[in-house]
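Hi,

Here is the structure I promised to pass on. Have a look at it first, and then read on for what turned up in it.

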Amino acid sequence: MNVAAVSNINIESLAKRIKKEHDIYFPEGFGVWVQEIINPGSSLYASSPECLVVLLDGEELLRGISYESAEDVQQELAAAIGHIESAVQAHADISFFVSNLDIQPRDIKSVKEPRYERLIEGIWLEMLNGLNDRHENLYIFDIKRLIEESGRREFYSPKLWYLGGMRYSLKGEKLLKKEIGRYFNAHKGVRKKCLLLDLDNTMWGGIIGEDGMEGIQLSEQKEGARYKDFQRRIKEMKDQGTILAIVSKNNMEDALEVIENHPHMVLKKEDFAAMKINWNLKAQNIADLAEELNLGLDSFVFIDDNPVERDSVKSELPQVQVADFPEDTSEMELLATELSFDNFFYLKSSEEDKKKTEMYRQNAERATDMKSSASFEGFLKSLNSTIRVWSIKEQDILRAAQLTQKTNQFNLTTKRYTEKDIQDFINSEEYDIYISSVEDKYGDNGIISELILKKEGTTAVLDTFLMSCRVMGRFVEDQLIHFIHNRLKEEGFTKFRTHFYPTKKNKPVKDLFERLGYTVIEEDGDGNKTYEMDLTGTITCEHEYGEMVID
Amino acid sequence: MERLIKLAAETLDIDEKELTLESAAEELEEWDSVAHINMVSEVEEEFGVTIPIDDITKITKVKDFLKYIEGK
């Protein structure tokens with residue numbers, strides 16, 4: 001694509017930077033910008049540009065004119081706008097990107113004396129807005145935003161100005177190059193298409209499965225507002241034409257409860273083209289989405305607060321762009337804004353763009369099977385997990401009690417205990433408590449599991465088995481149960497009995513023991529199950545990805 | 001040292017092997033006034049130093065940048 005740029009100041013250095021990526025024409029000398037755009041036979045038009053950047057420096061535009069003289073200023077600006085308008089009219093096939101003005105206040109005045117720089121910027125902007133309205137092929141190039149965000153001291157260089165009439169610093173030129181590149185890409189329609197969003201600690205603070213509707217952070221004021229503001233920006237992106245999809249490890253009912261009923265939820269169910277809310281591997285969900293939405297993996301951008309999930313997607317699906325997540329979540333809104341500029345930038349939204357989500361949602365209902373090439377096993381091994389297990393110690397009592405009170409999802413029997421209860425178990429001959437922690441390449445996850453066993457002759461009973469949702473999906477439970485089998489066998493037990501008592505939140509472990517090869521010996525109408533495992537045979541473990549360390 | 005040579009080579013758009021600390025502006029076609037100003041900017045940014053405007057014309061060889069990088 002051929003492009004061109006003109007200016008009333010020296011932009012040779014900037015143009016050379018742009019030249020590395022785009023075929024750009026810019027005129028020799030810089031006082032000639034008016035001639036170049038007015039003259040239909042100019043070399044500029046001979047180069048057949050599709051886009052033309054008109055980058056004007058406010059101070060230079062008004063050199064020799066007193067800012068106090070409203071008439072003179074008006075005349076000068078109107079003349080410039082007039083030239084631009086005739087060019088825009090004469091070349092409807094070229095997209096014009098005309099800059100707003102930044103005028104540095106230089107002269108020193110007392111506070112009382114009126115200043116005119118901002119007023120003049122406003123006069124120019126008003127005229128430009130008029131052109132923007134009247135002409136489809138003119139767009140305002142927002143240099144002012146770049147300057148405001150980096151600051152004039154960073155953006156401009158007095159040294160370069162005095163040396164060579166170059167207004168912008170190195171940093172300024174790089175920012176301009178990036179922004180101009182965005183406009184060019186937007187003109188070509190080059191952008192990402194779909195934004196994939198996690199739910200917990202991304203759309204709201206906290207974990208819905210653990211904290212419930214009352215416990216999650218999502219509000220108009222104070223801390224919860226950081227997520228509401230984030231959602232507002234995401235909604236605006238969707239309104240422009242970006243497709244949204246949810247990829248979250250959750251129970252569908254829990255997630256929908258928030259999406260449909262939370263008073264501060266900005267995004268609604270209809271805003272999403274698809275919702276992959278389940279306990280499957282995220283990379284698998286994304287691969288399925290690509291198939292269902294009929295989009296290339298390289299048109300996806302993935303947002304997730306969990307570095308394990310981000311890395312997993314990065315390694316399984318390298319074509320998917322994984323967004324960096326801010327360490328400080330007060331920057332959530334900024335994340336959305338930056339992503340929109342970098343990946344979902346629109347010069348204008350057509351009616352069609354606005355209806356995209358609707359269209360994609362309908363298409364997605366024709367789902368097809370897709371073979372997954374994701375190597376989940378490889379990923380799990382690469383975590384280099386170390387699972388430590390030990391018999392409960394005095395210093396673990398508080399945490400052990402807390403875990404029984406707080407854990408809801410991976411909790412087979414949901415029995416809540418106090419510190420005293422735990423102490424009583426320790427003192428009793430009948431009970432054993434095992435505690436486990438997991439360390440992986442990302443760090444130490446701390447104590448993540450607790451098992452309370454009751455001894456009844458040659459049968460051991462699993463009173464409590466719980467695990468932190470942080471380490472779910474990694475088959476750590478398989479290894480812990482395997483350890484228990486071996487330990488019980490050593491101690492002379494022949495049978496191991498376990499239970500599942502259903503609650504609103506522990507669906508994820510409904511079929512855990514079936515999966516581990518246990519026999520269901522009892523089941524009632526409410527879904528309560530009793531299982532048994534014969535410890536006298538050989539004991540195997542199908543999924544072993546972490547190293548067990550028994551203390 | 002190598003960083004400086006690499007930077008100069010990138011800015012002037014020539015091969016690193018053709019540059020040494022002794023390379024001078026008057027010998028190299030690519031080292032025109034625009035490139036000179038660019039090199040000043042790039043050195044300032046890369047090494048986090050400031051080169052006063054009055055000194056800029058005194059820089060005639062690659063090695064002249066060194067005293068700003070080392071001395072400060």
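Start with helix H20 of chain A, residues 397–406. Its buried residues are Ile397(A), Ala400(A), Ala401(A), Leu403(A) and Thr404(A). Around the helix axis they span an arc of only 155°, so they sit on the same side of H20(A). What do those buried residues of H20(A) pack against? Their partners are helix H21 (419–427), strand E12 (431–440), strand E13 (443–456) and strand E14 (459–467), again in chain A. Keep in mind while you look around that this is a predicted model.

Next, the sheet in chain A. It is an open one, with five strands in the order E8-E7-E6-E9-E10 and parallel pairing. Strand E8 (272–278) and strand E10 (321–322) of chain A are at the edges with a single partner strand each, so one side of each has no neighbour in the sheet. Further in, you can follow strand E6 (residues 194–197) and strand E9 (residues 300–303) of chain A, which pair in the parallel sense over four bridges.

Now to where the two chains meet. How many residues of chain A are in contact with chain B? There are 12, and they contact 12 residues of chain B. About 1000 Å² is buried between chain A and chain B, and carbon and sulfur atoms give 66% of that area. On the chain A side, Lys159(A), Leu163(A) and Leu170(A) supply 53% of the area that chain A buries against chain B, more than any other three residues. There are also three salt bridges across the interface of chain A and chain B. As for salt bridges between named side chains, Glu45(B) and Lys174(A) meet in one, at 3.0 Å from N to O.

Last, a residue in chain B. Leu12(B) belongs to helix H1 of chain B (residues 2–12). Is Leu12(B) buried or exposed? Its relative accessible area is 4%, under the 20% cut-off, so Leu12(B) is buried. Beyond its neighbours within four places in sequence, Leu12(B) is in contact with Leu28(B), Glu30(B), Trp31(B), Ala35(B) and Met39(B). For Lys67(B), which is 55 residues away from Leu12(B) along the chain, the C-alpha atoms of the two are separated by 20 Å.

Cheers

Technical notes. Residues are numbered from 1 along each chain as its sequence is written. Chains are lettered from A and ligands numbered from 1 in the order in which they are written. This is a predicted model: local features need pLDDT of at least 70, side-chain atom pairs count only at pLDDT 80 or more; totals for chains, interfaces and linings use all residues. Side-chain values use heavy atoms; hydrogens and water are left out. Two strands pair if DSSP finds at least two bridges between them. Helices (H or I, at least four residues) and strands (E, at least two) are DSSP runs, numbered from the N terminus. Buried means under 20% relative accessible area, exposed over 50%, partly exposed in between (1.4 Å probe, protein chains only). The arc is that of the directions from the helix axis to the C-beta atoms. Contact means heavy atoms within 4.5 Å. Buried area is the accessible area (1.4 Å probe) that two parts lose on being put together, summed over both. A salt bridge is a side-chain nitrogen of Lys or Arg within 4 Å of a carboxyl oxygen of Asp or Glu.
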